[in-house]
Structure formats: structure tokens, C-alpha cells
Amino acid sequence: DGAILHKDGSERLFNMSGAPNLDAAGNVIGAVGTFRDVTKQRMLENQLLHASKMEAVGTLTGGIAHDFNNVLQAISGYNQLLMMGKNESDPDWEYLANIDRLNQRATGLIKQLLIFSRKVDIKLQAMNLNEEIKESYNLLKEIIPRMISVDLDMDANLWKIKGDPAQLGQVFMNLSVNARDAMPEGGILRIKTENVIVEEKIVRHGMELNPGCFVLLRVSDTGHGMNQETLAHIFEPFYSTKEAGKGTGLGLAVVYGIVANHGGHIDCESEPARGTTFNIYFPALNGPDREATVAEDGQAEKKFPAGEEILLLVDDEEYLLETTRMLLERSGYRVLTAENGEKAIEIFKNEKTKISLVILDLMMPGMGGIRCLEALRDIDPQVKVIISSGYITNSKQREVMDKGAAGFIQKPYRRQDILNLARGVLDQNSH
């Protein structure tokens with residue numbers, strides 16, 4: 001295999017095969033061979049390899065997320081119990097607050113991995129990307145050194161897109177922070193938005209962009225840039241050019257996941273000592289903003305709502321049973337516990353007239369959460385069940401809700417979250 005230049009100046013990969021041409025005496029008088037252009041084939045192979053890598057890491061992420069979030073839930077539960085009755089004047093308050101912050105940081109790390117692997121829900125609404133950039137820019141100004149100048153060039157008539165403002169703000173911040181780190185001696189950070197019409201399909205980095213109307217976000221810097229080898233790996237999780245302890249290697253992987261979740265396309269151009277440019281294309285909305293809806297927060301009116309009902313808590317993690325039971329009991333509930341689905345069915349059969357709500361872990365040995373939910377509803381079709389899980393795919397969550405669950409809560413959750421949800425479900429029309 002080798003490479004040759006096409007007449008248009010582009011480099012083409014080719015495969016050559018051939019054999020010597022001999023005369024009657026066996027002398028070599030020439031050669032016969034074929035050249036086959038394999039450029040497109042190699043490009044497709046690389047795209048498949050990249051997509052396979054991303055899918056493998058996504059599968060691994062989903063596999064560890066449940067167990068890891070269970071651990072974080074237990075740590076958070078014990079910490080919240082210790083913080084009860086204390087305030088900032090307590091000598092241990094600072095330590096407990098730090099534990100809480102670190103726990104939230106670890107929770108955020110798992111969420112970033114799930115965003116990258118495209119395994120989380122996104123809350124889409126009609127939005128103007130300029131508005132989110134302006135809001136994020138106020139925060140960005142606090143972390144950009146003065147020797148870096150920021151050039152904002154935003155189209156005043158930018159088309160709207162359908163996006164999740166929080167996640168798109170994270171895209172903007174991640175790219176801007178990377179640009180800052182690429183210019184330790186100073187430089188220019190340029191941020192541009194514009195409307196573009198794509199006329200031909202773009203295929204790169206395992207993502208396809210079909211012809212149509214798009215909103216382009218371009219983030220460029222005048223920093224040290226990247227060579228082609230580095231450029232080939234930048235969207236892979238845990239790949240980082242920063243020294244140990246200076247980065248997780250998740251920033252661009254998360255950006256990739258968010259852009260993919262929004263049906264967009266991300267492209268990067270870079271050369272050593274000549275800076276880096278990221279181009280991100282988001283599909284533009286057509287027609288009126290019928291998709292725009294404002295989500296109503298049905299919780300949060302009451303802080304730590306209490307109750308006196310009897311609840312059945314089902315989880316195979318001993319520490320979670322203990323901490324969640326104590327958190328609920330501190331708010332007045334009486335709590336029965338079961339370490340698996342089989343035990344939960346036994347308890348519910350005996351106490352169903354007393355039990356007002358079941359909080360059921362989804363991933364357990366034995367019959368598991370879904371079969372347990374079905375069995376509970378066979379015993380009492382009106383049973384109120386909240387499903388909890390350290391990790392669940394969007395399709396699986398829809399499945400359990402369709403099977404009759406009254407609510408869902410993602411681990412790790414805080415005391416107020418479970419109390420708000422429990423009270424909300426309990427206050428629904430009772431049977």
C-alpha cells in the first residue's frame with residue numbers, strides 16, 4: 001500500500017498488485033499491475049473503528065455507573081445523617097461539607113461519562129445559542145487570564161435550535177477552557193456563531209451531517225495546536241495531553257457526546273504552533289417554536305416534607321437500606337426493609353394493607369426489580385411504587401413506568417429529593 005497525489009492536490013491511498021512480464025526466454029521485459037484507490041474504504045474503516053471504540057466505552061460506562069452510584073448514595077446518606085442537627089458553628093461542619101462537595105463532584109464525573117456515552121436524557125427546548133453563550137461568558141470571564149483576549153462574533157439573527165441549555169453551556173465552557181490551557185503565554189480566543197446551509201454530506205469522526213440548515217458554533221484559539229496523531233484521539237475518553245493531575249481527559253469526550261445527542265456534528269482543525277479550531281453544527285429549527293415548553297417544577301414547594309405512613313424499602317445493598325431507612329425515619333415515616341425482591345413480596349403479602357409506598361431498587365440479584373414490580377401489582381394493582389437505580393437506560397426507564405411505577409429516582413439522590421418524590425406519590429389519589 002502507498003499514497004499518491006491526485007491531480008486536485010489531495011492525497012490518495014492505493015493498493016498495488018502486479019507481476020513481471022517475461023519473454024519466451026524468461027527475461028523480464030516489463031510488468032503488469034493494477035492500482036486500486038482505497039481512500040474511501042480506509043476512511044470508512046477508520047470511522048467504523050472509531051464508532052466501535054466509542055460504543056465499547058459507552059457500554060463499560062453504563063456497566064459501572066450503577067455500582068458506583070450505589071457507593072456514592074451510601075456515602076451521601078451517611079454524610080447527610082451526620083450533618084443533621086449541625087450548623088456552620090460545629091467543629092466538624094467544614095469536613096462534612098467537604099465530603100458533600102466531593103461526593104457531588106464524583107456524581108458529576110459519572111454524569112459526564114454517561115453524557116459522553118449518550119446514555120442520559122436531554123431536556124430539549126427551542127433556544128437561541130447566543131443567549132446561552134452570553135450567560136456562560138459571564139462565568140468564563142472569571143477564569144480566563146488577562147493576557148488572553150476574547151473575541152465574540154455572534155450573528156444577531158441566529159436561527160433557533162432545539163437543545164438542552166445546560167449541556168450546550170457545558171460544550172461552550174469545555175472548549176473555552178481547553179483553549180485557555182492551550183495558550184499559557186496568552187493569545188486570542190475567538191467565539192463565533194452563524195447560520196450556515198450545508199449542501200453536501202459531511203462524514204467525519206464517526207458522525208454524519210446531512211445537507212440542511214444549521215447553526216454553527218466556532219471556537220478557535222491561537223495556542224500550541226496539535227499534531228495529526230493527537231488529533232485522531234481527542235474525542236476518546238481519558239485521552240489527555242495534559243500532565244497527570246491537570247485533567248480527566250473527559251472534556252472533549254463529553255463535548256462529543258453532547259453534540260451527538262443533539263443530532264449535530266463536530267469537527268476539529270489544528271496544526272502545531274498554529275492553533276486549534278472546533279466547528280460544531282447544530283440542526284436549525286424550522287417554523288414557529290411549537291417545541292418550546294417551559295418545564296414546571298412540581299416539587300420543591302415544601303422543604304423536607306414529612307409523613308407517618310409505612311414504607312417498604314427494597315435494596316440489595318445493606319448500607320443503602322440502613323442510610324435510606326434512617327433518612328426516611330427522621331422525617332416521621334415508619335420503614336420496613338427487604339434485601340431482595342423475594343423478601344419484599346413476602347413482606348408485602350403480609351402487610352399490604354399497612355404499606356402505603358414501596359421504594360424498589362431496579363438492579364438486584366434474584367427476581368430483580370421489574371419482576372418484583374409485576375408481582376407487587378399482581379397482589380395489589382393499586383400499589384404505589386417508586387423505582388430507584390444507580391443507572392438505567394432511557395428505554396428501560398420508560399418500560400418500568402409503563403409497567404405501573406408511580407415514580408423514578410436516580411441514585412445518588414439527596415434526602416430532599418426522595419422526600420419530595422415520596423410525598424408527591426403518596427398524595428396522589430389513594431385507593
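These are legends for several close-up views of one predicted protein model.

A note before the views: residues are numbered from 1 along each chain as its sequence is written. In this predicted model, local features need pLDDT of at least 70, side-chain atom pairs count only at pLDDT 80 or more, totals for chains, interfaces and linings use all residues, and side-chain values use heavy atoms, with hydrogens and water left out.

**View 1. The whole chain, before we zoom in.**
The protein chain has eleven helices and 17 strands; helices (H or I, at least four residues) and strands (E, at least two) are DSSP runs, numbered from the N terminus. Of its 431 residues, 42% are buried. Here, buried means under 20% relative accessible area, exposed means over 50%, and partly exposed is in between (1.4 Å probe, protein chains only). The accessible surface comes to about 23,500 Å², and carbon and sulfur atoms account for 50% of that. Those areas come from the Shrake-Rupley method with a 1.4 Å probe; for residues, only the protein chains shown count as cover. Take the contacts (heavy atoms within 4.5 Å) between residues at least 6 apart in sequence: 70% of these join residues at least 24 apart.

**View 2. A five-stranded open sheet.**
Follow the strands across and you get the order S14-S13-S15-S16-S17, with parallel pairing. At the edges sit S14 (334-338) and S17 (407-410), each pairing on one side only. From one strand to the next, the twist averages 20°. Two strands count as paired if DSSP finds at least two bridges between them; S13 and S15 (residues 355-361) have five bridges, in the parallel sense. In this pair, look for Leu-311, which stands opposite Leu-357 in S15.

**View 3. Two helices lying across the sheet.**
Helix H9 lies across S15 and S16 (385-389), running at about 160° to S15. Helix H11 lies across S13, S15, S16 and S17, at about 135° to S15. For these angles, axes are lines fitted to C-alpha atoms, for helices over the stretch in contact, and angles run from 0 to 180 degrees between N-to-C directions.
H11 is mostly covered, with nine of its twelve residues buried, including Ile-418, Leu-421 and Val-425. The buried residues of H9 include Ile-370, Cys-372 and Leu-376.

Leu-313 lies in strand S13 (residues 310-314). Is Leu-313 buried or exposed? Its relative accessibility is 5%, so Leu-313 counts as buried. Leaving aside neighbours within four places in sequence, its contacts include Leu-320, Thr-324, Val-335, Ala-338 and Ile-359. Arg-325 is another of its contacts; the C-alpha atoms of Leu-313 and Arg-325 are 7.4 Å apart, although twelve residues separate the two along the chain.

**View 4. Salt bridges.**
The whole structure has 13 salt bridges, each one a side-chain nitrogen of Lys or Arg within 4 Å of a carboxyl oxygen of Asp or Glu. Arg-325 turns up again here: it bridges to Glu-329, with the closest N and O atoms 2.9 Å apart. Both lie in helix H7 (residues 318-329), four residues apart, about one turn of the helix. An α-helix has 3.6 residues a turn, so residues three or four places apart point the same way. Glu-329 is partly exposed at 33%, and Arg-325 is partly exposed at 26%. Salt bridges that share partners also join Glu-309, Arg-423 and Asp-427 into one network.

Most residues other than glycine have a negative phi, and most peptide bonds are trans. Lys-411 and Pro-412, though, are joined by a cis peptide bond, with omega about -5°. Pro-412 is in the loop between S17 and H11. Ala-273 has a positive phi of about 70° although it is not a glycine. Ala-273 lies in the loop between S11 (265-270) and S12 (276-283), and at 68% relative accessibility it counts as exposed.
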